[in-house]
Amino acid sequence: MSALTTLHVWRVPRRALGGVLTRMAVDRRRLRALPGVRFAKLLGTGTGTTFGPGDADLTRWAAVTVWDDPAAAAAFDTSAVGRAWARVSESAVRADLRPLHSRGTWSGRTPFEPENGSRTDGPVLALTRARLAPARALTFWRAIPPVTAALHDADGVLSRFGIGEAPIGWQGTISVWRSTAHLLEFAYRHPQHRAAIARTPEARWYAEELFARFAVLDLAGDPAVLGWADDGGKGSGGR
């Protein structure tokens with residue numbers, strides 16, 4: 001059976017923050033050590049507006065995991081890691097994903113392996129991740145707000161939020177779209193996003209970067225944790 005990528009996202013009450021921070025410290029290694037795990041990252045989240053420390057959402061946390069097969073992924077909920085996050089959270093959602101396209105590296109690895117000719121007619125999830133070059137971080141933070149503002153109102157976006165491995169310099173985004181066509185329309189035709197793409201080689205913002213696109217195979221749990229909005233193709237969480 002082929003590999004499966006999962007995205008787990010948990011919403012936690014503020015009173016549980018101490019326990020969550022403990023989980024983040026302890027479970028990074030424990031998650032990677034689970035049977036069948038090829039690649040795993042525990043992540044904080046944010047609104048995706050500024051990508052600075054003030055953007056963090058301390059009530060929402062996430063994990064991106066690549067498994068050997070669906071059977072290995074299914075065992076997460078009964079693992080010690082899965083049970084611990086279930087106890088600390090008040091709601092959660094899991095997305096099962098199949099990679100369609102991946103470019104770049106994450107911590108020196110290429111975690112997502114699309115099959116040749118992979119495509120989908122359904123919803124797609126886009127994941128961007130970058131490690132900022134320290135000397136370029138300030139110019140990046142100044143340049144990104146127009147792009148994220150445009151993403152907020154993009155046609156076909158169902159959900160979008162920031163992700164990060166650390167409060168500063170290790171940031172990315174997750175967005176869910178109605179279709180590949182909606183995503184590509186924003187990525188390559190929206191003026192703010194096109195301008196950011198064109199500026200990237202000259203600005204040299206990133207020490208490492210990755211972009212991946214996935215077919216959404218299944219969504220289980222509470223979509224509101226993703227900031228899901230089904231409002232005719234526009235919008236994101238909190239609207």
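The legends below accompany several close-up views of one predicted protein model.

**Conventions.** Residues are numbered from 1 along each chain as its sequence is written, and side-chain values use heavy atoms, with hydrogens and water left out. In this predicted model, local features need a pLDDT of at least 70 and side-chain atom pairs count only at pLDDT 80 or more, whereas totals for chains, interfaces and linings use all residues.

**View 1. The whole chain and the confidence of its parts.** The protein chain has seven helices and eight strands, where helices (H or I, at least four residues) and strands (E, at least two) are DSSP runs numbered from the N terminus. The mean pLDDT, the predictor's confidence in each residue on a scale from 0 to 100, is 82 for the chain, and 74% of the residues reach 70 or more. Of the contacts in the chain with a separation of 6 or more, 77% are between residues 24 or more positions apart. Buried residues make up 51% of the 239 residues; buried means under 20% relative accessible area, exposed over 50%, and partly exposed in between, with a 1.4 Å probe and protein chains only.

**View 2. The largest nonpolar core.** A nonpolar core is a set of buried Ala, Val, Leu, Ile, Met, Phe, Trp, Tyr and Cys residues joined through side-chain atoms within 4.5 Å. The largest one has 25 residues, and those with the most contacts inside it are Leu7, Val9, Phe112, Leu125 and Leu127. At least two residues of this core come from each of strand 1, strand 2 (37-46), strand 3 (56-67), strand 4 (91-104), strand 5 (124-132), strand 6 (157-164), strand 7 (170-177) and strand 8 (206-221). Strand 8 gives the most, with four residues. Not counting residues up to four places away in sequence, Leu127 touches Val64, Trp106, Ile163, Thr173, Ile174, Leu210, Phe211, Ala212 and Phe214. A second, separate core has 20 residues, among them Met24, Val37, Ala40 and Val81.

View 3. Two strands are taken to pair if DSSP finds at least two bridges between them.

View 4. Nine of the ten residues of strand 2 are buried, so strand 2 is largely enclosed by the rest of the structure. With strand 3 it pairs in the antiparallel sense over nine bridges, and Leu42 stands opposite Ala63. Three bridges join strand 2 to strand 6, again in an antiparallel arrangement, with Gly162 of strand 6 as the bridge partner of Gly46. Strand 6 is itself mostly covered, since eight of its eight residues are buried.

**View 5. Helix 1 and its kink.** Helix 1 (residues 17-32) has 16 residues and reaches 22 Å from its first C-alpha to its last, close to the 22 Å expected at 1.5 Å a residue, the expected span being 1.5 Å times one less than the number of residues. A kink of about 45° is centred on Val26, where the bend at a residue is the angle between axes fitted to the seven residues ending there and the seven starting there. The buried residues of helix 1 are Val20, Arg23, Met24, Asp27 and Leu31, and what covers them includes strand 2, strand 3 and helix 3 (80-88).

View 6. Arg87 lies in helix 3 and counts as exposed because its relative accessibility is 65%. The C-alpha atoms of Arg87 and Gly19 are separated by 10.0 Å, although the two residues are 68 residues apart along the chain. Ser107 lies in the loop between strand 4 and strand 5, and at 38% relative accessibility it counts as partly exposed. Its phi is near 55°, a positive value in a residue other than glycine.

Definitions and conventions: Contact = heavy atoms within 4.5 Å.
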